[in-house]
Amino acid sequence: MDRPKLWTKDFINITTISFFIFLAFYILLTALPIQITKEFGGGADQAGLLLTLFLIAAIIIRPFAGKWVSVGSQKKILIYSALAFFIPTLFYPFVTNIWTLFILRIIHGITFGVITTVKGTISAEIIPDSRRGEGMSWFSLAMGLAMVIGPVIGLNLANIGAYKTAYIICIIISVLNILLSMVIHVPEQGKQEKVSKTSKGFDLNDLIGKKAAPFAIVVFILACAYSGIASFLALYAQEINLVKAASTFFILYAGLMFVFRPFTGVWADRYGANKIVYPCIILFAIGMVMLSLPQTAVIMILAGAIIGIGYGSVTPILQTQVISSVEKHRVGIANSLFFNSMDLGMAIGAFVLGIAANSFGYGSVFISGIALIIIGGIAYFALASGKEKKTRHSVGLKSVNDIKYK
């Protein structure tokens, strides 16, 4: 039997949209803090507040966006959200003070929260169920590619004071997003189910998705652990004179993530998610242990490779499990929960681990990361074991009923 096709025109379009969204995100993420400190006279705390305000706005709107996507036309919401994401980019070249920039980042964060929810939901609709792990792995690579290219563009342009050039690039790719959203075909599946099963008001399950919440907790814990690397590895490397090694760490992290994600997605589809998630968590923990050791360039670089395979591969599989744990008409809610869990983990983890770094040094960040990964692994084991027992129990009851009524 032939496998259902993955690389359709619509899958390529939604993956390209995802790439452009995060390319704009990372260009702004690197260029704006430099502009706010060099041209607007802001401090490091105000530069950090730019990201905090942006993510808080996205986190607040996402549960509602998940509800809208579940009951409304996904294509219309994609087009409107692409247009809404484009509009704030028009104003970055004209901002002249910090407070206007803060307001603009809040507005842009709201649009980011909506469009990331809807594009993730549409990707789940387009990807064949039997290839969901593989498809989500490829889809998530778009964000990984933007994570590598965006900071390079933003940093190089900001270093020569070409802020407007950076913002014009964001405007252009935002226009391309609008055009791509207009030509994409979104399958309208389960329309009757949506209408009949989804209430008009907002309840807890509408906003959170209780069936997906356990997997989202694991995502949150692992993101907390990774936030220590994202936020403090560069500072730690400066302190111990291993800046080049830290740069190579992130290059290898991205490279190994690109190599392994497609394969781990296929393996998860073929052999089951558990057989891939456990090794990935173990590799993540090993890499974090290496970072907690007295550092040499070799140890730091090897840690980047191992974490790139471990954490870099496990996130799309967990996203697949979050999506697969809910009914078809609740995929939007599940997607909003996944992204919020990751963003909250990064935000809260960076804040708490920052306190630890100030009090006990950067080594404590990575030791805390080890503990968080272990907790995340235990939480996943408890979740997977509970689901396996529930499945066996359901099968057992079905067999008893079959015997009883024959």
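Guide: In this predicted model, a salt bridge is a side-chain nitrogen of Lys or Arg within 4 Å of a carboxyl oxygen of Asp or Glu.

Visitor: What makes Asp 343 and Arg 62 a salt bridge?

Guide: The closest N and O atoms of Asp 343 and Arg 62 are 2.7 Å apart, and the cut-off is 4 Å, so the pair meets the definition. The pair links distant parts of the chain, with Asp 343 in helix α13 (residues 331-360) and Arg 62 in helix α2 (residues 44-71), 281 residues apart. Both Asp 343 and Arg 62 are buried, which means that each has under 20% relative accessible area.

Visitor: How many salt bridges does a search of the whole structure find, and what makes Lys 9 and Asp 10 one of them?

Guide: The search finds two. Between Lys 9 and Asp 10 the closest N and O atoms are 3.5 Å apart, and this distance lies within the 4 Å limit, so the pair is counted as well. In general, side chains of opposite charge can pair when their charged atoms come close.

Visitor: How do you describe the way α10 passes α12, and which kinds of residue make up their contact?

Guide: The axes of helix α10 (residues 243-271) and helix α12 (residues 297-324) come within 6 Å and cross at roughly 35°, and the crossing is right-handed. The residues of this contact divide into 19 nonpolar, seven polar and one charged.

Visitor: Which residues make the nonpolar surface patch, and why can they be called a patch?

Guide: Ile 168, Ile 172, Val 175, Leu 176, Leu 179, Met 182 and Val 183 make a patch of about 590 Å². They qualify because patch residues have over 30% relative accessible area and nonpolar side chains are joined within 5 Å. Val 183 lies in helix α6 (residues 163-183), and the chain comes to 14 helices and zero strands.

Note on methods. Residues are numbered from 1 along each chain as its sequence is written. This is a predicted model: local features need pLDDT of at least 70, side-chain atom pairs count only at pLDDT 80 or more; totals for chains, interfaces and linings use all residues. Side-chain values use heavy atoms; hydrogens and water are left out. Axes are lines fitted to C-alpha atoms, for helices over the stretch in contact, and angles run from 0 to 180 degrees between N-to-C directions. Helices (H or I, at least four residues) and strands (E, at least two) are DSSP runs, numbered from the N terminus. A crossing is left-handed if the near helix is turned anticlockwise from the far one by less than a right angle, and right-handed if clockwise. Ala, Val, Leu, Ile, Met, Phe, Trp, Tyr, Cys and Pro count as nonpolar, Asp, Glu, Lys and Arg as charged, and the others, Gly among them, as polar. Patches are made of residues with over 30% relative accessible area and no salt bridge: like charges are joined within 9 Å, nonpolar side chains (Val, Leu, Ile, Met, Phe, Trp, Tyr) within 5 Å. Accessible areas come from the Shrake-Rupley method with a 1.4 Å probe; for residues, only the protein chains shown count as cover. Buried means under 20% relative accessible area, exposed over 50%, partly exposed in between (1.4 Å probe, protein chains only).
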